[in-house]
Each structure stands twice: as C-alpha cells, then as structure tokens.
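Let's take a walk through this model together, with the sequence and the 3D view side by side. Keep the viewer open as you read.

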Amino acid sequence: MRNFYFSALGLLAGVSSWALVQSGFNAFDALFDANIHLTDNVSLSDFFLEGSFVGFGLGMVLHARASLWYHHKLVLVLSKMFLGAFFGAIIGLLSFAFGYFMQTLHIEPLLCRMTSWTILGFLIVVSTEIFRLHSGFILPRVISGGIGGLIGGGIFELLLLYQISGPDHLFGLILVGFSISFLIGINENRVTSSAFRVLSGPQEGQMFLLDQNNFYMGYNFQNDFILNDYAEVCNRHAFIWKNDKEVFIENLYTDNEVLVNYRSIDHQQSIKKGDIIKIGTALLQYYEI
Amino acid sequence: MISSINKYFCAFANSVCLVFIFFFNSCVLLAKELSNEAEVSSLGKYATFQFDYFPTKPLFSNNELYILSFYELLLIFCGIILTLYILWYIMKPKPQIFTEPGFKIINLKNNHYFTPLKSESQSLEFLEDLEVSKSYRLSGNLNRVILSPHKNTFLLEDKNFKNALLINRRRLHRKVLYDNDLLDIGEMVLLYSNNLFHEKNFQRASHINYQSVYQSTKPKGPIQKCVPFLKVSGSKQEIPLVKNMNTIGTSKINDIVIESDEVALRHAKINKVGQSWKIQNLQNHENTSVNGRRIDQRFLKEGDEVAIGDFFFKFSTNKSQIKRQKKIKK
C-alpha cells in the first residue's frame with residue numbers, strides 16, 4: 001500500500017516536471033523570437049534549464065513525500081513542497097552542468113547524460129534527508145535514489161533514441177520520478193517490521209511505521225512522529241531507536257513522563273509486541289506486522 | 001494482511017527491476033553501435049537538446065513539436081496540487097465516534113470491532129458469545145465479573161480473585177471505568193470508550209482542585225533528609241512521611257487525604273517498626289496492594305509500588321540515607 005502510494009507520487013512528480021519543461025521551452029522560444037538573448041550561447045542555457053526544470057518538478061513532490069504519508073497539516077506540506085522545489089532547481093542545474101562539462105572532455109554524450117541523471121537522483125534524495133540527519137537510514141535511501149535516477153534516465157534516453165519528443169517526454173520523465181520513489185519505497189519496506197498505532201483522540205487510527213533506525217516523537221513539526229492535537233505532549237518528547245529487531249524508547253526530559261504499560265520509565269526501556277505507550281494524553285500501541 | 005501485500009510487492013518490484021536492467025543493457029549496446037557509425041565533429045551539436053545523429057524511427061507519434069502555453073501549464077499545476085490534496089484526504093484516518101458506551105477490540109485480527117453495552121447491570125459473559133472471540137482464549141469465570149451502571153459510566157467488580165483480568169495493565173478488583181481504559185481478558189484486549197465525556201461535550205468546571213492527594217497538616221520547618229516519601233505516579237508530587245504513624249483515606253482526619261470514589265474513609269496506614277516501614281490494610285472489602293499483589297500487611301522496600309484504590313504511589317527512602325548506609329558498610 002505504502003509503496004503504491006509513493007510510486008503514485010513519483011508519477012505526479014514526473015507529470016509536473018514535464019509540464020515545467022514544456023512551458024520553459026515555450027518561454028525560451030518566445031524570447032528567441034523577440035531577439036532577446038539571456039546568454040551568448042543559447043543552446044548551453046537551454047540544456048541547463050531543462051535540468052533545473054526537471055529538478056524543480058521532482059524535488060517539489062519528493063520532498064513532501066513523508067509528510068503527505070503521515071497526514072501533516074497542509075501548511076507544512078506546502079512549505080516543504082516550496083523548499084523542495086527550490087533545492088531541486090539548483091540541484092538539477094548543477095547536475096546537468098556537470099554532464100555538459102563531461103561532454104567537453106570528448107566523452108560519449110549518452111554516458112554524460114546518464115551520469116547527470118544519476119547525480120540528479122542522488123542529490124535530490126540527499127536534499128530531502130537534510131532535515132532528518134538523525135535517522136540512521138541515509139545511505140540506503142540515497143543509493144536507491146541514485147539507482148532510480150539511472151534507470152529512469154536510461155529509459156528517457158531510450159525514448160529519445162526513437163526521436164519521441166514534444167509531449168511524449170511525458171513517459172520518460174514520469175518513469176524517472178516513478179523509479180526513484182519506487183526504489184526508495186522498496187528499501188524502506190525491507191526494513192519495516194513494526195509500527196505504532198494511535199488508539200485515542202483526534203489522530204485515532206494513524207500508523208507510525210518504523211522505517212528508519214532513529215526517530216523523535218513529540219508536538220513540534222520537526223519530529224518524525226507528530227502528536228499535534230494532544231495535551232501534555234512536549235516539543236521533543238521521546239526518542240525511539242532500533243537495535244537488531246529490538247526497539248527502545250527513551251524519555252528525553254525528566255519533566256514529562258513516558259508510560260509503558262502505565263508505568264513510568266527511568267530514562268530508557270525496550271518495548272515488546274502489544275505494549276501500550278502513553279505520551280501525554282495520547283495512547284499508542286506497539287505491534288509487529 | 002499487510003505483510004502478505006508487502007511480499008507480493010517485493011516480488012513484483014524485483015521482476016520489474018530485472019526487466020529494467022535488461023532494457024537498459026540493450027539501450028547501451030544500441031547506443032554504442034550507433035555512436036560508432038555516426039561521425040560527429042562539432043561540439044555544439046552535443047549540447048543541443050535533440051540528438052541529430054540518432055536515426056529517425058517514429059514509433060508512437062509524428063515529429064511535430066507541440067509546446068504547452070503558460071496557461072496550460074498553470075492548469076496542469078493546479079491539477080497536480082488538487083490530486084495531491086485528494087490523496088492526502090483519502091489516506092487520512094477518520095476517527096470513529098460512538099455515542100453509546102462500549103468496548104472496542106484492539107487486537108490486530110479484528111481491528112476496531114465495537115460492542116455496545118446495555119444500561120443495566122450485567123456480567124462480562126456476553127463476550128464469549130461473540131463471533132469474534134472464538135479465535136481468542138478468554139479467562140474463565142467471566143460470569144463473576146459484573147458491570148453495573150454508575151454515574152453515566154460503569155463500575156466493574158471482579159469477584160473471582162484468580163481471574164487473569166488486568167485493568168490498565170494492573171490487577172484490580174473494583175474500578176469505575178472511564179474513557180480509554182484498557183482491559184486485558186486473556187488474549188483479548190479491550191478499550192472502553194464512553195463519548196459522554198468527549199472533548200466537544202466536555203465542559204470545564206469553574207474551579208477544579210487538581211491536587212487530589214494532599215497532607216491534612218503540612219509539616220512545619222525543613223524536612224529531615226532521612227525521611228522516606230511516597231511519589232504519586234503521573235505527577236511530580238512527593239509526600240514525606242514525617243510522623244511515625246500515617247493514616248490514608250478520604251476523610252480529612254487522616255494524615256494523607258486522597259479524593260477518590262474507590263478509597264474508603266479510613267483505608268490504610270503506614271507506620272514505622274524499628275528501622276523499616278510497614279503498610280497495613282484497614283478495610284477488609286477495600287483493596288490495597290503492593291507490586292500488584294493484594295496484601296493485608298507488609299514491610300515496604302525501596303522502590304515498591306503501592307496501590308490504594310485506583311491511586312498509585314512509589315515508596316522510596318531518601319538518597320542521602322542510602323549513601324550513609326553504604327559508607328557504614330565500607
């Protein structure tokens with residue numbers, strides 16, 4: 001279910017990047033007709049801008065991926081999309097510039113394009129991970145993003161081989177976004193074996209999947225698991241980490257309590273299947289899938 | 001269910017990846033052959049968006065370039081944001097709100113199965129008749145666990161002391177049920193829900209005394225370091241045991257006053273015997289327990305969990321005393 005959802009998001013990312021590329025070329029043609037030259041070498045800037053548009057579209061959706069899955073507030077989702085678009089544009093420009101630089105060294109153009117695609121996939125996933133460096137799961141995500149970029153770029157180039165251009169870039173760009181998000185989803189599904197479920201209150205029925213190694217839980221929006229609508233939840237309340245299939249919970253401040261099976265814990269404790277965790281007024285159940 | 005879906009997904013993904021890799025290999029080989037054939041000299045042609053040296057093989061469409069206008073782009077963008085919103089809205093879990101009091105089953109097999117309760121005194125035997133409960137092992141003698149109506153909620157009384165019945169993961173025999181209380185009956189886990197006190201219906205009283213445990217006479221002057229104290233669970237409150245004999249109960253004659261429905265007027269007493277402290281139950285029909293075991297009288301140790309009615313304390317001797325004892329041992 002989760003993987004399906006993320007791949008659908010990847011498709012959307014591809015569509016958005018396609019639309020941006022199209023409109024960007026339209027604007028360029030208009031400028032070209034009016035004899036306004038932004039730079040001396042028009043073809044060069046053309047090539048770079050394609051990358052930045054693609055990065056804009058991909059980064060916008062991929063950055064808001066996790067917050068869309070956990071149903072954060074819409075303002076938060078939109079702000080993340082904006083940030084992702086900003087980073088994505090810069091990253092796309094840089095990666096395609098690198099590809100152009102490789103072409104000047106008389107390397108095969110197809111190989112250059114492929115490297116630029118992989119760098120794009122790699123760096124976009126890095127940019128999404130910047131704000132959660134505490135999750136001990138950066139490497140697999142980033143590598144899978146790079147591989148996704150490689151596969152998607154390969155298919156894009158294959159389509160270019162048959163001179164499918166114009167609106168048919170759609171398929172290629174969709175597959176780029178799809179493959180990146182799909183591979184990340186596979187890597188996350190491989191690790192998840194347990195989850196928290198909220199039992200009471202306004203966030204009832206929400207699932208917190210343990211798909212990284214380290215998590216923060218609390219009221220603030222910088223956490224991985226946000227308990228927004230409950231009383232007596234601290235900004236950064238608890239820290240959860242995995243160690244060889246064993247899951248530990250830690251109380252970050254002594255002022256507030258974390259109850260496991262209605263007993264307050266001193267500093268840290270391991271949790272078992274079926275345990276009930278109480279944080280503030282929120283009831284959570286830990287279970288293994 | 002979820003695990004099986006995951007397995008299918010993984011198998012599917014692996015097969016798709018294999019196909020992708022196969023395609024990619026063939027693509028690279030083709031490109032190598034083609035690039036050997038084509039003779040390209042100028043640098044400018046490399047940099048252009050379309051590769052002129054590739055053979056013209058229109059498969060799916062003709063070569064006419066169609067470029068979107070700005071307004072079409074805006075439309076597509078709005079469409080994407082709308083679909084994102086729809087995805088967000090569809091996947092958002094909607095909490096079920098029941099008007100009647102009842103039990104939710106929160107085991108994974110039967111997720112959120114709800115059984116409403118009648119407003120009359122009844123035993124928990126009706127759980128055995130449910131179709132859902134056939135897959136669980138329930139504890140025996142459920143006919144001796146009785147629910148009786150009590151001020152909009154229910155009072156649960158367990159007359160059989162050998163039952164494996166836990167209320168809020170503790171062994172209790174008599175409790176007024178409130179919203180989100182947890183019952184373990186054998187393998188089945190039940191969550192009591194009573195939306196009469198839901199947030200929307202709930203009105204705050206003008207004055208609430210939040211401190212429901214307090215001392216009737218506060219000790220004057222500084223407290224000695226060797227005095228042990230009771231920690232109230234769920235808050236930072238600490239009650240020092242200054243006197244040699246302390247009585248606990250709801251009436252204000254006692255040294256430690258607890259405001260609760262399930263505590264008797266004069267419930268228990270804690271007194272000093274030599275160097276150690278002893279707790280004693282004063283009412284036969286009421287429940288005081290230490291570490292989850294119902295007791296008549298017992299000597300307390302460091303870190304014991306004392307339950308009086310539905311209030312929980314942690315007994316702890318002061319740290320300075322422990323240090324002093326260690327020094328003496330050395």
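Predicted model: local features only at pLDDT ≥ 70, side-chain atom pairs only at ≥ 80, totals over all residues.

For chain A the average pLDDT is 81, and 85% of the residues score at least 70. Residues 38–42 of chain A are a stretch to read with care: the pLDDT there is below 50, and the model gives this stretch seven contacts beyond near neighbours in sequence. Chain B has an average pLDDT of 76, with 70% of its residues scoring at least 70. Residues 39–64 of chain B remain under 50 in pLDDT, and the model has 42 contacts for them beyond four places in sequence.

Now let's look at chain B as a whole. Its 330 residues include 38% that are buried, and its secondary structure consists of five helices and 21 strands. If you take the contacts in chain B between residues at least 6 apart in sequence, 40% of them join residues at least 24 apart.

Six of the strands in chain B form an open sheet, and you can trace them in the order β12-β11-β21-β20-β17-β18, with antiparallel pairing. At the edges stand β12 (238–240) and β18 (293–294) of chain B; each has a single partner strand, so one side of each lacks a neighbour in the sheet. Within this sheet, zoom in on β11 (residues 229–232) and β21 (residues 311–316) of chain B, an antiparallel pair held over four bridges. One pair of bridge partners to find here is B:V232 and, in β21(B), B:F313.

Which residues make the nonpolar patch of about 580 Å²? They are A:L74 together with B:L82, B:Y85, B:I86, B:Y89 and B:I90. Helix α3 (residues 70–91) of chain B gives the most to this patch, with five residues. B:Y89 sits in that helix, α3 of chain B, and its relative accessibility of 46% is why B:Y89 counts as partly exposed.

For a contrasting setting, move to strand β1 (residues 194–198) of chain A. Five of its five residues are buried, so the strand is largely enclosed by the rest of the structure. In a regular strand, side chains alternate between the two faces of the sheet. Here A:S194, A:F196 and A:V198 point one way from β1(A), while A:A195 and A:R197 point the other way. What does β1(A) pair with over five bridges? The partner is strand β11 (residues 282–288) of chain A, in the antiparallel sense, and A:Q285 in β11(A) is the bridge partner of A:R197. β1(A) is also joined to strand β2 (residues 207–209) of chain A by three bridges, again antiparallel, and A:A195 has A:L209 in β2(A) as its bridge partner.

Finally, let's visit a loop. A:N256 lies between β6 (246–251) and β7 (258–260) of chain A. Is A:N256 buried or exposed? Its relative accessibility is 12%, so A:N256 counts as buried. Leaving aside residues up to four places away in sequence, A:N256 touches A:C234, A:H237 and A:N251.

Methods:
Residues numbered from 1 in each chain as written. Chains lettered and ligands numbered in written order. Heavy atoms only, no water. Patch = residues over 30% accessible without salt bridge, like charges linked within 9 Å, V, L, I, M, F, W, Y side chains within 5 Å. Areas by Shrake-Rupley, 256 points an atom, 1.4 Å probe, with all protein chains shown as cover. Salt bridge = Lys/Arg side-chain N within 4 Å of Asp/Glu carboxyl O. Helix = DSSP H or I, 4+ residues; strand = E, 2+ residues; numbered from the N terminus. Buried < 20%, exposed > 50% of the residue type's maximum accessible area, 1.4 Å probe, protein only. Pairing = 2+ DSSP bridges. Contact = heavy atoms within 4.5 Å. pLDDT = per-residue confidence, 0-100.
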